[in-house]
Amino acid sequence: MKKGFTMIELIFVIVILGILASVAIPRLAGTRTDAEIATTVANLRTLLSDLNSYYVVKGEFAEGADGVKWNEITNVPLENADSSVVGGTARLMVGGERCIEVSINNRIGVLPARINFTKYPTNKDKGVCKEVLEADAVKAFVDSKILDTLPGTMAIGSSTTIY
């Protein structure tokens, strides 16, 4: 008599593996999204902390040809990081997509220097970026206000900053 598995035993094993895979794959996809959200929140907090630290030390963001660049202030990975902080816009990438735009306005009159977080304009509200933008911690940045007329804006170097 030959030793080995029968065809029915092999089919049962394949069916059981298929059932396990159908349960495990969606859970792994959800874990990836959670990791992207956590990374984005950490990057936003680090960026805000770095900008606050720079502003507290220097008192303003240098403008013009000798203006400070994003990559001179922070190590947060930003697209367009070699552009000027004042007048330039950096983009935070999420899952390989442009997701959040970040810009700085220097102090104007009584208004403090401020950082603006906006949803990238051509974002199609899909994929990981959509889920990141719907996360409460990210909404705190994008929906923040220092004045009703300035949505998505936080004062830099003040106690109104959201961490």
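This report describes the fold, the surface and two local features of one protein chain.

The structure is a predicted model, in which local features need pLDDT of at least 70, side-chain atom pairs count only at pLDDT 80 or more, and totals for chains, interfaces and linings use all residues. Residues are numbered from 1 along each chain as its sequence is written, and side-chain values use heavy atoms, with hydrogens and water left out.

The chain contains four helices and five strands, taken as DSSP runs (helices: H or I, at least four residues; strands: E, at least two) numbered from the N terminus. Their order from the N terminus is α-α-β-β-β-β-α-α-β. Of the 163 residues, 36% are buried, where buried means under 20% relative accessible area, exposed over 50%, and partly exposed in between (1.4 Å probe, protein chains only).

One disulfide is counted, defined as a pair of cysteine sulfur atoms within 2.5 Å. C99 and C129 form this link, which is right-handed, and both cysteines are buried. The pair joins distant parts of the chain, 30 residues apart.

| Item | Value |
|---|---|
| C99 and C129, sulfur to sulfur | 1.9 Å |
| C99 and C129, angle about the S-S bond | 95° |

Helix α1 (residues 7-58) includes S22, which is partly exposed at a relative accessible area of 48%. A polar atom of the S22 side chain lies 2.8 Å from the backbone oxygen of I19.

Terms used
Polar contact = N/O pair within 3.5 Å; in protein donor to acceptor, adjacent residues only side chain to side chain.
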